Each structure stands twice: as structure tokens, then as C-alpha cells.
Amino acid sequence: MSEQSFTQISVEELGQRLSSQEPDLQLVDVREPQEVAIASINGFVNLPLSQFAHWGEQIQTRLNPHAETLVLCHHGVRSAQMCQWLVAQGFTNVKNIAGGIDAYSNLVDPSVPQY
């Protein structure tokens, strides 16, 4: 059994997908609220990993397990952890955003602040 049964997308692909405003994308940002206050991308719901106890049991009602779900963090490590957990919860189309918001700021949208 594979430890990692989700895929990754590049920040460039994320930028293209966001600009085309695909209606069924679920966008999840697992960074801390103070990180989101510094830099964020419109459309992402914030589910901080440190607050897992507050939202973990509601994940099936807060998100559609069959919708395409893109997960973001600062560099891609915490989002990969979230992707693994979502797959374990029965989510069928989960993608980690490689490089996180840091790479997004560098390669796609320099107006997103870096920290």
C-alpha cells in the first residue's frame, strides 16, 4: 500500500486553475492564522493543522470528499501531511501544492508577500 496516494500540482498550474475560476475546486490552506494574515490567496479556506481538534471531526461535512481538493501551506510539507490525512478519510481527489505559497509568490504572483 502506498504511503502517498495523492498527487502534486505546481504553483504555475494552481495559478492557471485559479485564473480560470473552476467552480468545483476545494481550496484548503493549512497554515496558521498569523501566516494567512501575512500572505494569502483568495478562495482558500483556512484549516490550521494546529487546530485539528477543532475541525477534524467535521471534515466530511465541511468539504466534499469527492471534489478536487488542493491543499496549500508555506512550502508544501504541512499540506502533504494534510493530503495524506484526507486520503485516509476517504477523499478521492487530493492534490498537494508543491512549494506552497512561498513558491506561488516567487513564480506566479509577486504581489503575495513573502515571509
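Mentor: Arg31 counts as buried because its relative accessibility is 0%; buried means under 20% relative accessible area, exposed over 50%, and partly exposed in between, with a 1.4 Å probe and protein chains only. The model is a predicted one, in which local features need pLDDT of at least 70 and side-chain atom pairs count only at pLDDT 80 or more, while totals for chains, interfaces and linings use all residues. Residues are numbered from 1 along each chain as its sequence is written, and side-chain values use heavy atoms, with hydrogens and water left out.

Trainee: Where does Arg31 lie?

Mentor: Arg31 is found in the loop between S2 and H2. Such labels are DSSP runs numbered from the N terminus: helices are H or I with at least four residues, and strands are E with at least two.

Trainee: With which side chain does Arg31 make a polar contact?

Mentor: A polar contact is a pair of N or O atoms within 3.5 Å; within protein, one must be able to donate a hydrogen and the other to accept it, and residues adjacent in sequence count only if both atoms are side-chain atoms. Here the partner of the Arg31 side chain is the side chain of Asp29, at 2.7 Å. These two side chains also meet in a salt bridge, again 2.7 Å from N to O. Asp29 counts as buried because its relative accessibility is 3%.

Trainee: Are Arg17 and Glu68 buried or exposed?

Mentor: Both Arg17 and Glu68 are buried. Glu68 has a relative accessible area of 14%.

Trainee: Which residue forms a salt bridge with Glu68 at 2.8 Å?

Mentor: That residue is Lys95, and the distance is between the closest N and O atoms. This pair, too, links distant parts of the chain: Lys95 is in strand S5 (residues 94-97) and Glu68 in the loop between H4 and S4, 27 residues apart. Lys95 is buried, at a relative accessible area of 17%. Through shared partners, salt bridges join Glu13, Arg17, Glu22, Glu68 and Lys95 into one network.

Trainee: How many aromatic pairs does the structure hold?

Mentor: There are three. Rings of Phe, Tyr and Trp (its six-membered ring) pair if their centres lie within 6.5 Å; planes under 30 degrees apart count as stacked, over 60 as edge-to-face and the rest as tilted. Phe52 and Trp55 form an edge-to-face pair, 5.2 Å centre to centre with 80 degrees between the planes. Both residues lie in helix H3 (residues 52-55), three residues apart, about one turn of the helix. Phe52 is partly exposed at 34% relative accessibility, whereas Trp55 is buried at 3%. Phe52 also forms an edge-to-face pair with Trp85, at 4.9 Å and 85 degrees. This pair connects helix H3 with helix H5 (residues 77-88), its members being 33 residues apart.

Trainee: Which way do the side chains of strand S2 point?

Mentor: In a regular strand the side chains alternate between the two faces of the sheet. From strand S2 (residues 26-29), Gln26 and Val28 point one way and Leu27 and Asp29 the other, and all are buried.

Trainee: In which sense do S2 and S4 pair?

Mentor: Two strands pair if DSSP finds at least two bridges between them. S2 and S4 pair in the parallel sense over four bridges, and Val28 stands opposite Val71 in S4. S2 also pairs in the parallel sense with strand S3 (residues 45-46), over two bridges; there Val28 stands opposite Val45.

Technical notes
Salt bridge = Lys/Arg side-chain N within 4 Å of Asp/Glu carboxyl O.
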